[in-house]
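Reader: I would like to learn how to read a model of protein chains with DNA. Where do we begin?

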There are 2 protein chains.
Amino acid sequence: MEIEKAIAALNNPVRRQILAWLKDRSNFPPALPEHADLDGVCVGYIQEKANLSQSTISTYMGHLKAAGLVKSERHGQWTFYRRDEEAIQQFLALMGSELSQAGN
Amino acid sequence: MEIEKAIAALNNPVRRQILAWLKDRSNFPPALPEHADLDGVCVGYIQEKANLSQSTISTYMGHLKAAGLVKSERHGQWTFYRRDEEAIQQFLALMGSELSQAGN
DNA sequence: TCCATATATCGAGATATCGCGATAAACGTT
DNA sequence: AACGTTTATCGCGATATCTCGATATATGGA
C-alpha cells in the first residue's frame with residue numbers, strides 16, 4: 001500500500017465506486033461456471049457496471065492495483081480483481097495517524 | 001466537511017504537511033504578543049515553513065478551508081488558520097465507512 | 001490621506017489527469 | 001496457423017491542477 005498513490009487513486013468517484021462495488025460480488029453478474037471457485041471480478045463486468053470504456057476501466061484497475069488497494073489474478077484471458085482488505089485497513093490506519101491530532 | 005473536496009485537498013503532499021504542522025502550534029514561530037490569546041497560525045508563518053509562494057499558500061489554505069478541514073478567523077490584517085478537528089474526524093469516519101468491508 | 005503590511009484573487013505557462021478509440025498482447029479454441 | 005475473446009497499452013485532445021508573479025483588497029498606523 002502506498003499512501004501517496006492510494007490517495008490519488010481514491011481522488012476519483014468512479015474508482016471509489018468500483019472499490020465499493022467490489023465489497024459484494026453480487027453487485028456483478030454471476031461468475032461463469034468455470035470461474036465459480038475464483039474470487040474477484042473480471043474487468044468486463046466492472047466496465048459494464050461503470051459504463052465507461054474498456055480502456056478507461058483497465059487503466060483505473062491499474063491505478064487501484066498500483067496503489068495496492070486491489071489484488072489481481074489472471075486466469076486464462078480473464079483478469080480477476082478483488083479488494084485487498086488488509087491494505088485498505090492499513091491505508092485507513094495510516095490516514096488516521098497522519099491526520100489525527102496526537103491526543104485523539 | 002465535503003468528502004469529495006477533502007480527498008482532493010489531501011491529494012497533495014504540501015497540504016497534508018500543513019495539516020500535520022497545524023497539529024502543534026510550536027511548529028511555527030511564536031505568536032506576536034497581541035495575538036497571544038488567539039489560536040491558529042497566520043498565512044505568513046505557514047508560507048515561510050512550506051517555502052512556497054504567498055499566493056500558493058493562500059490558495060492552498062483556501063482549498064483546505066473549502067474542504068472543511070480547517071477553520072479561519074481574521075484578526076486585523078491577519079488570517080489565522082487552525083485545524084477543524086471535528087471535521088477531520090468526521091472525514092476519517094466517512095472514509096472508513098466508505099472503504100471498509102461491511103463485516104469490518 | 002498616504003503608506004506599509006498581510007492576505008486574497010487574477011492570469012498564465014507547465015504539468016498531470018481524464019476518458020476515449022485504436023492497437024497490441026495474452027490466451028484459448030479450432 | 002488463424003481466429004475470437006479479454007485485457008493492457010498507446011496516443012491524443014480536453015480539462016484540471018500546480019505554482020508562480022502581478023495585482024487587488026483589507027486593515028492599521030503615521
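Reader: How do the residues of the surface near DNA strand D divide into nonpolar, polar and charged?

Author: Ala, Val, Leu, Ile, Met, Phe, Trp, Tyr, Cys and Pro count as nonpolar, Asp, Glu, Lys and Arg as charged, and the others, Gly among them, as polar. A residue is near a strand if one of its heavy atoms lies within 4 Å of it. Here the surface near DNA strand D has six nonpolar, 15 polar and three charged residues.

Reader: What should I know about the model and its numbering?

Author: This is a predicted model, in which local features need pLDDT of at least 70 and side-chain atom pairs count only at pLDDT 80 or more, while totals for chains, interfaces and linings use all residues. Residues are numbered from 1 along each chain as its sequence is written, chains are lettered from A and ligands numbered from 1 in the order in which they are written, and side-chain values use heavy atoms, with hydrogens and water left out.

Reader: How many helices and strands are there in chain A?

Author: Helices (H or I, at least four residues) and strands (E, at least two) are DSSP runs, numbered from the N terminus. Chain A has five helices and three strands, and along the sequence they follow the pattern α-α-β-α-α-β-β-α. Its C-alpha atoms fill a box of roughly 50 × 25 × 20 Å along the principal axes.

Reader: What rotation superposes chain A on chain B?

Author: Copies are superposed by least squares on the C-alpha atoms of residues with pLDDT of at least 70 in both. For these chains the rotation is 180°, with 0.0 Å of shift along its axis and an RMSD of 0.0 Å. That is the relation of a two-fold axis. Contact means heavy atoms within 4.5 Å, and 100% of the contact residues of chain A recur in chain B, so the same surface serves both copies.

Reader: At what angle do the axes of helix H5 of chain A and helix H5 of chain B cross?

Author: Axes are lines fitted to C-alpha atoms, for helices over the stretch in contact, and angles run from 0 to 180 degrees between N-to-C directions. The two H5 helices, residues 85-99 in each chain, cross at roughly 180°, and their axes come within 11 Å. Angles over 145 degrees count as roughly antiparallel, and H5(A) is therefore roughly antiparallel to H5(B). Among the residues that make the contact are A:Phe91 and A:Leu92 of H5(A) and B:Phe91 and B:Leu92 of H5(B). The contact has ten nonpolar, two polar and no charged residues.

Reader: Which residues are closest to DNA strand D?

Author: Of the 24 residues that surround DNA strand D, the closest are A:Gln54, A:Gln77, B:Ser53, B:Thr56 and B:Tyr60. A polar contact is a pair of N or O atoms within 3.5 Å; within protein, one must be able to donate a hydrogen and the other to accept it, and residues adjacent in sequence count only if both atoms are side-chain atoms. A polar side-chain atom of A:Gln77 lies 2.5 Å from a base oxygen of DNA strand D, and one of B:Thr56 lies 2.8 Å from a phosphate oxygen.

Reader: What does the side chain of B:Gln77 approach on DNA strand C?

Author: An N or O atom in the side chain of B:Gln77 is 2.5 Å from a base oxygen of DNA strand C.

Definitions and conventions. Angles under 35 degrees count as roughly parallel, over 145 as roughly antiparallel, 65 to 115 as roughly perpendicular and the rest as oblique.
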